[in-house]
Amino acid sequence: MRSLLAILCLPGIVLAAQDWQGRPVTELLDSLIDQGQRIIYSSDVVTSEMLVVEEPDLTDPYAGLTSVLAANGLTVNKGPSETWLIQVMQTPVSQENEAPIVVAPALPEIVVTSSLHRLAYTKTGSQTYLDRELATRIPAAAEEAVRITSRLPGTASGGVSSRNHIRGGEVNEVLFLLDGLRLYEPFHLKDFQSIASIVNSHAIDGIDFFSGAYPAQYGDRMSGVMNMSLRTPQQEPENELAFSFFNTSLLSLGTFGGDDKGDWLVTARRGNLDLIADIINPDVGNPDYQDYLIHAGWAFNPRARLSANILVSNDKLTLNDADRGESANADYENRVLWLKWDADWNENLRSTTIFSSSSISDRRTGLLELPGIVSGSLDDTREFDAIGLKQDWVYASRRTWMLSFGFAGKHQDATYEFASIKTVAEPFDTILDNSPREVRAITASPEGGQYSAYVEYRWQPRPSLTIDAGLRWDHQNYTTAEDDEQSSPRLSLLYRIDPVTDIRIGWGQFSQAQEINELQASDGIDTFFPAQRAEHVVANLQRRFRGDLHLDISYYRKSFRAVRPRFENAFDVLTLLPEIQFDRYRIDPMSAEAQGAELRISQGDASQKYFWWLGYAWSEVRDEMADGNVMRSWDQTHAVKAGISWRWGQWNFSGAGEVHTGWPKTELIATEVPNPDGTHSFAVSTTPPNSGRYSMFHTLDVRISRDITLRHGDLTFFMEVSNLFDRDNACCTEYSVETSTLGSELIAQKAHWLPLVPSLGVVWRF
């Protein structure tokens, strides 16, 4: 089946009077699309033989189109993001008096038509769209929509954090956008595995996820883009109240004003981990977090729209790990305000302007006492403020080309006050970067601006070929680095071999400057490094088969240069206070390279009763060090990811599993040393960095939900289990020293990623 998705971004304009009677319905749709309506339909539904039976009254385009479609056995409904969805209308013969039944066919192939808007939606890069319905049907720990990206073959995650390594990159190489705005620190518990994002998943309509060779409008991060869009209110108010083991949240959205020109969305969410901890183990601490989002928009006319938005998050937590001698306290506040102005100047030119203010305040303290190995304390205070202006333009005067361009500027300032004391006992003070005693006291107040501009030209010389060429420029004036200006050319193409086969090829240069809020003060560094660079080469083949079966094959290579130093913990990545642990060390590569091949087969999507996917990835990522290549700590040679979801009446059953090669590890080697008094002690050394591997990782997550219709709204009860079989997936090695009358002995014990984690919840929509 060949399907057609015709979506436009300009608001509706009253269609000029024309003689439509007797003409194909598709011509009317194309005319409405060219005038600014966002219409989704399949060519299997609206066929070329369908004609306009009677002259429609198009002073109200929606009502006029409804009458035309009804005469052809079709109906139109308002869909997400102000779209119009055309569907088949069927009335069962045996139930003539009942309401029509709407049947929505699948839309496996996305082909965008109509001038500017066909080009705007014909993506040439590696992109995956993840919608809100998908997030409600497949397992996602803590009900976090951003975790859906971990189901894709090219991502690597241990399952605890909501952050992913994308095609070999670090977790801080992903650009997070909400409603087009950059979020600087988008996670709760950011120094403690980043368990959840600060954006309530119930407020997210969808996520555009780019894993490589993305367009020039996206910059300053060099591995991926996660662009989250807000839900668009419909005419009737919608409310949701949700409660689970992880969260309690409230959402409300709707429209107001004459002709529904205004819209609003409000969410409030509270994490429930502190309540669960009080019940299961009060000694573990009190991880408490909340977030709030307020949105209000107003359409002044069909061509101009203004929205005001506020996002606030707060974290207050106390965590204790008595077995490892660690305790930590933290207080985080994150406040983001932005105004967004969308303007359609004419049928060929549109712009989006965002003025924003971000303010972040962090305070963290901790104590460490691991007998016989290390002791210490830290006190970390950070403040960050940014004011920014961003503008994006799109212009097209012909059906075969489109020009996008824009600029952004922001002023930032930060303050750092960091103090730590670390004492390392013998013989551990001789390994890695250790010394017997280390005292740090760093105070810094960087201030300055970041500026960027880009231009992108998308050209369609023939219907089967789309070429996208772009250039981006970035500049920072707060660094002392010689390289404070970067130029990033990018080129990609989409070639449609036939209606069901696409080839995408992308190449580009990408840069990532060290933000003012990313100074590595807690690891003893008080200056900024030059911007990092990466080159992407991506090739992708997509083919659609009968039965809504999709095949997706990709190859990528990423070459990193000007890589700035990073700090890791050689043995235990789940520690509460990584900076003062005895296994902390600096990695200073000259360059790095990641490459891989990915295969994904899928059938159906979240709008259908049944869908499944199966993915495989082969990959490797290595740092080039002065003495040879070293695998990065998240290298996983082979990874298989699969999932299935089945809707049976009011029930939904789904599962998602993953198997991958164990991540690399470094081990501590102890050698017994006899003492003159007859006892013994030991000397220690380490294996070459990341020269070993942990055992294979595998996990299975499941979700079961049941929908119930009430007099006032609908209820969804769900049960979700992460790591259903309680697999011990090794992540770390914990070391301790035991002392007896015979002397001292080094004890090694494996630590693990997530155990079996159950969750129960209910969502009431009314």
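Reply:

Ile 276 lies in helix 5. Helices (H or I, at least four residues) and strands (E, at least two) are DSSP runs, numbered from the N terminus. This is a predicted model: local features need pLDDT of at least 70, side-chain atom pairs count only at pLDDT 80 or more, and totals for chains, interfaces and linings use all residues. Numbering starts from 1 along each chain as its sequence is written, and side-chain values use heavy atoms, with hydrogens and water left out.

Ile 276 counts as partly exposed because its relative accessible area is 26%. (Buried is under 20%, exposed over 50%, partly exposed in between, with a 1.4 Å probe and protein chains only.) Asn 286 is ten residues away from Ile 276 in sequence, and their C-alpha atoms are 9.4 Å apart in space.

Now for the second largest pocket. Its lining has 43 residues, and Val 160, Ile 195, Val 284, Leu 754 and Pro 755 lie nearest the centre. Helix 5 (273–280) gives two or more residues to that lining, and so do strand 19 (304–321), strand 44 (730–740), strand 45 (743–752) and strand 46 (757–765). The pocket holds about 1,700 Å³ of space. The lining splits into 26 nonpolar, nine polar and eight charged residues. (Ala, Val, Leu, Ile, Met, Phe, Trp, Tyr, Cys and Pro are nonpolar; Asp, Glu, Lys and Arg are charged; the others, Gly among them, are polar.)

How is such space found? Rolling a probe the size of a water molecule over the atoms shows where empty space is left. On a 1 Å grid over the protein atoms alone, a cavity is a set of points where a 1.4 Å probe fits but cannot get out; a pocket is an open set with protein on both sides within 12 Å along at least five of seven lines; lining residues have an atom within 4 Å of a point. Points join across faces, edges and corners, and volume is the space filled by probe spheres set on them.

The whole structure has twelve cavities of 30 Å³ or more. The second largest cavity contains about 490 Å³. Its lining has 32 residues; Arg 182, Lys 390, Ala 408, Lys 410 and Ser 452 lie nearest its centre. Strand 22 gives the most to this lining, with six residues. The lining divides into 13 nonpolar, eleven polar and eight charged residues.

On to the packing. The largest nonpolar core has 77 residues, and Phe 192, Phe 428, Phe 582, Leu 668 and Leu 746 touch the most other members. (A nonpolar core is a set of buried Ala, Val, Leu, Ile, Met, Phe, Trp, Tyr and Cys residues joined through side-chain atoms within 4.5 Å.) A second, separate core has 35 residues, including Val 146, Trp 338, Ile 354 and Ala 656. Beyond its neighbours within four places in sequence, Phe 582 is in contact with residues including Phe 428, Leu 668 and Tyr 735. (Contact means heavy atoms within 4.5 Å.)

Pro 674 sits in strand 39 (residues 668–674). Its relative accessibility is 66%, so Pro 674 counts as exposed. Gly 743 is 69 residues from Pro 674 along the chain, yet their C-alpha atoms are separated by 9.2 Å. Leaving out residues up to four places away in sequence, Pro 674 touches Thr 679 and His 680.

Follow that link to Thr 679. This residue lies in the loop between strand 39 and strand 40 (680–686). Thr 679 counts as buried because its relative accessibility is 18%. Its side chain makes a polar contact with the side chain of Asp 677 (2.6 Å). (A polar contact is a pair of N or O atoms within 3.5 Å; within protein, one must be able to donate a hydrogen and the other to accept it, and residues adjacent in sequence count only if both atoms are side-chain atoms.) With residues up to four places away in sequence left out, Thr 679 touches Pro 674, Thr 741, Leu 742 and Gly 743.

Last, the backbone. Most residues other than glycine have a negative phi, and most peptide bonds are trans. Asp 260 has a positive phi of about 55°, although it is not a glycine. Asp 260 lies in the loop between strand 16 (247–256) and strand 17 (262–271). Glu 426 and Pro 427 are joined by a cis peptide bond, with omega about -5°.
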